[in-house]
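Thanks for coming, everyone. Please have a look at the sequence and the model on the screen. I'll walk you through the parts worth a stop.

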Amino acid sequence: MMPYVIDAEDLTIPSHLLPKDGRFGSGPSKVRAEQVASLAADAPTYLGTSHRQAPVRDIVSEIKAAMASLFSLPDGYEVLLGNGGTTTFWDAATFGLIDTRSEHLCFGEFSSKFAAATRAAPHLADPVIIESEPGSHPDVVVDDSVDTYALTHNETSTGVMAPIARPANGEGIVLVDATSGAGGLPVDASQFDCYYFAPQKSFASDAGLWLALCSPAALERVERIPASRWVPPSLDLKIALDNSRLNQTYNTPALATLHLLRSQVRWMLSNGGLEFTTGRCDRSADVLYGWAEASEFAQPFVEKRSMRSHVVGTIDFDQSIDALKVAGILRANGVVDTDPYRKLGRNQLRIALFPAIDAEDVAALCGCIDWIVEALGPSSHGGRTGARPQS
Ligand SMILES: *Cc1c(COP(=O)(O)O)cnc(C)c1O
């Protein structure tokens, strides 16, 4: 007789358990229906029109002002934007923000990529790299040989958040990759010189754009460096600054991306700003980590509570449960992009907790995971093995 095998893809999660919105990806991430409706309503006079004319430039202007307000930027700070997303901004920073040598806190895929970009640059000295194990973050080590400290607010590949603070007694500017942290985690603008991000994460828009909140010290470099070093125009932050001041970008931007982004910052500000958005992320994180801590088969990957990200949660599963199989069943039921960051190589799920995502939906997702594990049968898990001490 054939053994009875459940075809996992055929498991149908009862509809009353499903989240209202099934998007839990860490980028691109959930875009709220109201943003899409607003874009559709404006489309006839907006999409397909010149980015050098008022309808688009007014949106760029509003986005700049909204960012200054959302992050309570001190006097003298300016908002720059350009095309290409964060990965392109790393190259622009490699050309136009680092004088000779940078220090990088590397604790995952994204923070390591920027370090690799500066290491490869022939015009810069080899960077100082401070590393820590995946699932934790290192701390700044003050180094007199560097002129730039490169921090990451949230390491999206591992689900670790890090505090943003200037190194004590350290000279040099502080650059922060805030691609997944910006808008979902608290930050004090006096602690950074350049806080940069792309809008497909907490800002619930589409990708391909970068934004950079720059202090006077960062702007001084933006103005000075291109005079002394060859910089490709599309990566020249001085050109980006000049265009941003005119509410434009150097080359043509994606208009839908700008519109969706504008809707999201309006929503954030009209509900109370960063206090509102970080509150939503805190609630979702409480739900997710609380569920995992109480679970017999799952646990938070990041041991230290203070390092557990409130915008991207990573949950380890006991070896008796195949997390990828769980993600596959979720996907077949319309709950998508919970797959782990592949290069991390762990038996885990990664779940976005960005401001657009409702805590109730995170709770429903946890319920769906419990249902799947139950449906796969008791042989699929033998209770918690390898539980680790919490700190
Ligand atoms: C997503 C992400 C990036 C890459 O952003 P792109 O816009 O795809 O270049 C970089 N850093 C962090 C922390 C991210 O989360």
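First, a term. Buried means under 20% relative accessible area, exposed means over 50%, and partly exposed is in between, with a 1.4 Å probe and protein chains only. A second term: helices (H or I, at least four residues) and strands (E, at least two) are DSSP runs, numbered from the N terminus.

Two notes on the source. This is a predicted model, where local features need pLDDT of at least 70, side-chain atom pairs count only at pLDDT 80 or more, and totals for chains, interfaces and linings use all residues. Residues are numbered from 1 along each chain as its sequence is written, and side-chain values use heavy atoms, with hydrogens and water left out.

Start with strand E3, residues 128-131. Val128 and Ile130 make up its covered face. Ile129 and Glu131 make up the uncovered one. In general, side chains in a regular strand alternate between the two faces of the sheet.

Now the partner. Two strands pair if DSSP finds at least two bridges between them. Strand E2, residues 102-106, pairs with E3 in the parallel sense, over four bridges. Histidine 104 stands opposite isoleucine 129 in E3. How does the chain get across from E2 to E3? It goes through helix H4, residues 109-120, in a right-handed β-α-β crossover. Right-handed here has a set meaning: with the strands pointing away from the viewer, the path from the first strand over the helix to the second runs clockwise.

Step back to the whole sheet. Seven strands form an open sheet, in the order E1-E9-E8-E7-E4-E2-E3. The pairing is mixed. E1 and E3 are the edge strands, each pairing on one side only. The twist averages 20 degrees from one strand to the next. For angles, axes are lines fitted to C-alpha atoms, for helices over the stretch in contact, and values run from 0 to 180 degrees between N-to-C directions.

At the E1 end, six bridges join E1 to E9, and the two run antiparallel. Leucine 80 has alanine 212 in E9 as its bridge partner.

There is another sheet. This one is open, has three strands in the order E10-E11-E12, and pairs antiparallel. Why do E10 (298-300) and E12 (348-352) count as edges? Each has a single partner strand, so one side of each is left without a neighbour in the sheet. The twist here averages 30 degrees from one strand to the next. Three bridges join E10 to E11, residues 312-317. Glutamine 299 stands opposite aspartate 316 in E11. Helix H8, residues 274-294, lies across E10, E11 and E12, at about 10 degrees to E11.

Next, serine 309, in the loop between E10 and E11. Is serine 309 buried or exposed? It is buried, with a relative accessible area of 0%. A polar atom of its side chain lies 3.0 Å from the backbone nitrogen of valine 311. Contact means heavy atoms within 4.5 Å. Leaving aside neighbours within four places in sequence, serine 309 is in contact with several residues, including Asn154, Met161, Ala285 and Tyr289.

On to the cores. A nonpolar core is a set of buried Ala, Val, Leu, Ile, Met, Phe, Trp, Tyr and Cys residues joined through side-chain atoms within 4.5 Å. The largest one has 44 residues. Met67, Phe71, Phe192, Tyr195 and Phe203 have the most contacts inside it. Not counting residues up to four places away in sequence, methionine 67 touches Leu73, Val79 and Leu261, among others. A second, separate core of 38 residues includes Phe24, Tyr289, Leu365 and Cys368.

Most residues other than glycine have a negative phi, and most peptide bonds are trans. Glycine 27 and proline 28 are joined by a cis peptide bond, with omega about -5 degrees. Proline 28 is in the segment before helix H1 (33-46). Alanine 204 has a positive phi of about 50 degrees. It lies in the loop between strands E8 (194-197) and E9 (209-214), and counts as buried at 0% relative accessibility. Aspartate 337 also has a positive phi, about 65 degrees. It is in the loop between helix H9 (323-332) and E12, and counts as partly exposed at 33% relative accessibility.

Conventions: A polar contact is a pair of N or O atoms within 3.5 Å; within protein, one must be able to donate a hydrogen and the other to accept it, and residues adjacent in sequence count only if both atoms are side-chain atoms.
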